[in-house]
Amino acid sequence: ILIVSATAVLFVDPFATSSTPADDELFFPPLADSSDISYFFGNYDLDGLHWALTNIFARSARNPNVSKELPQELVARGGGVTYTSEYKLKHDLAQAQYLLKYFKSKDPERAVYFESKVIPIYEKVLANIPPLDKLEKTKGLYAFTKEDYSLGIADVYNKGLFMTTADELDPNWRQHELLNEQLDFDAIQKEWFGDNAAGYSNEEMSTAASS
């Protein structure tokens, strides 16, 4: 599964919203942590990772077909529909606008949903967020207000509003490399680090990027 932001482009199993009886007997955590990911990567088991993440998402409050609350740990970190930030809403709005363009020709009915509901809600709630210097006590986090909820933010924020599969996007995806072979990594590094990129070793740039 690839989950991208609140409006969410998700690469999931087409049956992710319903689990099998065998899966129901297993325990799935509300969130996969680094040790979970490492377990599957350590065994080169991407299919197993896909299975695990699909089942986690199927039970998550981010699945529009599930009526369930997120763990308080995630809510406190900005998950759920309690807190947000200006940059997060802007990021999600940009994704909604991208999906609107995507659906204009492929799925006009869904395009209308994004244009008439999702995007206006995000724009109106964004207008309610005060300047960053007014949010110092919450370190930039903004708590949704009654007005925001009345606008419908809980229906669209941190929800998987669009779900697809890798097979739908590219039936031959398993035959491709994970990274685009045509990527110009030197140009990407220079864009990130500026004109001084050429003076760094790969190790130095990796250290700088992670610091």
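Leu 179 sits in the loop that joins helix H9 (166-169) to helix H10 (185-193); helices here are DSSP runs of H or I with at least four residues, strands are runs of E with at least two, and both are numbered from the N terminus. The model is predicted, and local features need pLDDT of at least 70, side-chain atom pairs count only at pLDDT 80 or more, and totals for chains, interfaces and linings use all residues. Residues are numbered from 1 along each chain as its sequence is written, and side-chain values use heavy atoms, with hydrogens and water left out.

Leu 179 counts as exposed because its relative accessibility is 58%. The cut-offs are under 20% relative accessible area for buried and over 50% for exposed, with partly exposed in between (1.4 Å probe, protein chains only). Leu 179 belongs to a nonpolar surface patch together with Phe 41, Leu 46, Leu 178, Leu 183, Phe 185 and Ile 188, and the patch has about 740 Å² of accessible area. Patches are made of residues with over 30% relative accessible area and no salt bridge; nonpolar side chains (Val, Leu, Ile, Met, Phe, Trp, Tyr) are joined within 5 Å, like charges within 9 Å.

## The chain as a whole

The chain has 11 helices and five strands. Of its 211 residues, 32% are buried. The chain exposes about 14300 Å², and carbon and sulfur atoms supply 54% of this area, by the Shrake-Rupley method with a 1.4 Å probe, where for residues only the protein chains shown count as cover.

Helix H3 (residues 46-58) has 13 residues. From first C-alpha to last, H3 reaches 18 Å, close to the expected 18 Å (1.5 Å times one less than the number of residues). Among the buried residues of H3 are Leu 49, Leu 53, Ile 56 and Phe 57.

## Aromatic pairs

The whole structure holds nine aromatic pairs. Rings of Phe, Tyr and Trp (its six-membered ring) pair if their centres lie within 6.5 Å; planes under 30 degrees apart are stacked, over 60 edge-to-face, and the rest tilted. The Tyr 102 and Phe 162 rings are 6.1 Å apart at their centres with planes at 45°, so this pair is tilted. Tyr 102 is in helix H5 (residues 86-106) and Phe 162 in strand E5 (residues 162-164), so the pair ties together parts 60 residues apart in sequence. Tyr 102 is partly exposed at 27%, whereas Phe 162 is buried at 9%.

Phe 144 and Tyr 149 make an edge-to-face pair, with 6.1 Å between centres and 65° between planes. Phe 144 is buried at 8%, and Tyr 149 is partly exposed at 37%. One aromatic cluster consists of Tyr 102, Phe 103, Tyr 113, Phe 114 and Phe 162.

## Salt bridges

There are five salt bridges, each a side-chain nitrogen of Lys or Arg within 4 Å of a carboxyl oxygen of Asp or Glu. Lys 90 and Glu 86 form one of them, at 3.3 Å from N to O. Both residues lie in helix H5, four residues apart, or about one turn of the helix. Lys 90 is partly exposed at 47%, and Glu 86 is partly exposed at 35%.

Asp 107 and Arg 110 form another salt bridge, with the closest N and O atoms 3.4 Å apart. In a further salt bridge, the side chains of Lys 117 and Asp 155 meet at 3.9 Å, N to O. This pair links distant parts of the chain, with Lys 117 in helix H6 (residues 108-128) and Asp 155 in helix H8 (residues 153-156), 38 residues apart.
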